[in-house]
Amino acid sequence: MASLVSLQNTGNSIGFSSQLKSSITTKHSFTLSNKIKLCFSQIPIKLGPRCNYAASDNTKSSSSTRTYRRHGVTTHRQTTKDRPNPRKFNTENRNESHPPPENPTFQSIPVDLMKLCKEGKVKEALDYMGQGVLADYNDFGELLDACADTNSLELSKRVNDFLRRSKFAGDIELNNKLIGVYCKCASMRDALRVFDKMRERNLASWKLMINGYAVNGSGIDGLSLFEEMRNGGFQPDNETFLAVLSACASVGNVEEGLKYFELMKNDYQVALGIEHYIGVIDVFGRAGYLNEALEFIENMPIEPTMEIWQGIQGFARIHGDIDLEDHVEELLLEFDPYLSSENELRAPPKKKVSTINMIEKNRVSEYRCKEPFKEEANEKFKGLNGQMREAGYVPDTRYVLHDIDEEAKEQALQYHSERLAIAYGLISTPARTPLRIIKNLRICGDCHNAIKIMSMIVGRELIVRDNKRFHHFKDGNCSCGDYW
């Protein structure tokens, strides 16, 4: 005889109803602790929170199945003749590594999670997993890749929850992917939480964390982690030192940058590539050491590339060295004479969408600056512009490349897509919550200054990711140290 009993959580214990207990005791006398099978399901039950316990004995007096539920719910009774045979359930699409459920009430759902992920339907795949569909190793890998593509922090956290409850919770490669996703979503706190819980780590785990700190403007934490890695006996490779140089650049620490560059050459005998020299130049440039950067370029054993001179030009523009900027522009023309024609002012086509911003609130939504903004957002935007002026904002019209008058240039700067996206986020999210803006173009210098002032006015953290790096704006400052 088998009895299927539905129980309800009552505080710290789970108890039988008194009527049900007496019924079991009088009609079917057997010890419940003899053989008890616990069948927990992730399928949501409309009748409220409860778990199903299947208890069985070895007596032959009855072969019926009863389902009991509390609070006036009807009782279902089934005989052996009508009881479905568990062997007839469809198990063809079930992964071999997962045994079929012992409770035949819940059948396997044939769902191709990997196909859903490749189609961009990550949320739908996670919903199926919440209903009991089991993911294998490759499914989790595809889910994490899809989350990295969408930059959705919410979906990434849901995948993390399922991964922690699976048999792959301790897998190094999946945890590394999860760290990379969190770094890409600008959530280093979540990345560190995953990193700290890993029982085993490899070199890639350390590299991901160091680079994540560097990209998100927390180079000091990245350097501290690198020293911890060295003390743990790991041998850094060329990619690890690239992340270290990036961390030094993010905080403008020239002394540490040169120290690690020499350490890389002399102690670890890492083969130096052009990317390592660019990393050192980046350290000099971020700190404003332009003369030292030029001297370093002259002493390099390889010829400077166009990318190096473009970097120097950007640093000269940031630090206001107009003469150096003009000189580098002449050098760049020697590399590519067509640059002068490409820099000519041309109006973009009017009917095309110029940029895309994605605002992540509870989920990622997409805003395209093509149609007029909502009236309420326009009002918020105009009020914010007035507050920015009062706080000392002065438009930098150098970043407008169209041949128009000054007033029109100032107007054009106001309607850059990231500002419109922030205005929409401010009216559609709770106060004081961070906003995450994803931009597919590089942020201009004027918008960078404007968003710093916005963060001070609205009292929020504004996280803007352009095609170069993350910018964490908070209290009037940016994590990049005014380098973009």
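Figure 1. In the largest nonpolar core, which has 77 residues, F140 and L143 touch the most other members. This is a predicted model, so please read each view with that in mind. L143 reaches partners well beyond its sequence neighbours: leaving out residues up to four places away, L143 touches C117, V122, A125, L126, M129 and V159. There is also a second, separate core of 21 residues, and C444, C447, I453 and V458 are among its members.

**Figure 2. The whole chain, for orientation.** The protein chain has 20 helices and 12 strands. Of its 484 residues, 43% count as buried. Taking contacts between residues at least 6 apart in sequence, 61% join residues at least 24 apart.

**Figure 3. Helix α6 against helix α7.** The next views each show a pair of helices. Two packed helices are described by the angle between their axes and the distance between the axes. Here, the axes of α6 (residues 172-184) and α7 come within 8 Å and cross at roughly 165°. That angle makes α6 roughly antiparallel to α7, and the crossing of the two is left-handed. On the α6 side, the contact is made by N175, L178, I179, Y182 and C183, while α7 brings M188, D190, A191, V194 and F195. Sorted by class, the residues of this contact are eight nonpolar, one polar and one charged.

**Figure 4. Helix α7 against helix α8.** Now look at another partner of α7 (residues 188-197), namely α8 (residues 203-215): their axes come within 11 Å and cross at roughly 160°. The two helices are therefore roughly antiparallel to each other. The crossing of α7 and α8 is left-handed. M188, A191, L192 and F195 of α7 make the contact with S205, W206, M209, G212 and Y213 of α8. The contact of α7 with α8 has seven nonpolar and two polar residues, and no charged ones.

**Figure 5. Helix α19 against helix α20.** This pair runs the other way about. Helix α19 (residues 417-428) packs on helix α20 (residues 445-458) at an angle of about 15°, with the axes 11 Å apart. Angles under 35 degrees count as roughly parallel, and α19 and α20 are therefore roughly parallel to each other. α19 passes α20 in a right-handed crossing. From α19, residues E418, R419, I422 and L426 meet D446, C447, A450, I451, M454 and V458 in α20. The residues of this contact divide into seven nonpolar, no polar and three charged.

Figure 6. Follow the chain past α19 and you find A431 in the loop between α19 and β9 (435-439). Is A431 buried or exposed? With a relative accessible area of 63%, A431 is exposed. A431 and V458 are 27 residues apart along the chain, and their C-alpha atoms are separated by 8.6 Å. V458 also takes part in the contact of α20 with α19.

**Figure 7. A271, a loop residue between two helices.** Where does A271 lie? The place to look is the loop between α11 (254-266) and α12 (274-287). A271 counts as exposed, because its relative accessibility is 64%. A271 and D237 are 34 residues apart in sequence, and from C-alpha to C-alpha they are 9.2 Å apart in space.

Methods
Residues numbered from 1 in each chain as written. Predicted model: local features only at pLDDT ≥ 70, side-chain atom pairs only at ≥ 80, totals over all residues. Heavy atoms only, no water. Core = buried A, V, L, I, M, F, W, Y, C linked by side-chain atoms within 4.5 Å. Buried < 20%, exposed > 50% of the residue type's maximum accessible area, 1.4 Å probe, protein only. Contact = heavy atoms within 4.5 Å. Axes fitted to C-alpha atoms, helices over the stretch in contact; angles between N-to-C directions. Helix = DSSP H or I, 4+ residues; strand = E, 2+ residues; numbered from the N terminus. Parallel < 35°, antiparallel > 145°, perpendicular 65-115°, else oblique. Left-handed = near helix turned anticlockwise from the far one by under 90°. Nonpolar A, V, L, I, M, F, W, Y, C, P; charged D, E, K, R; others polar.
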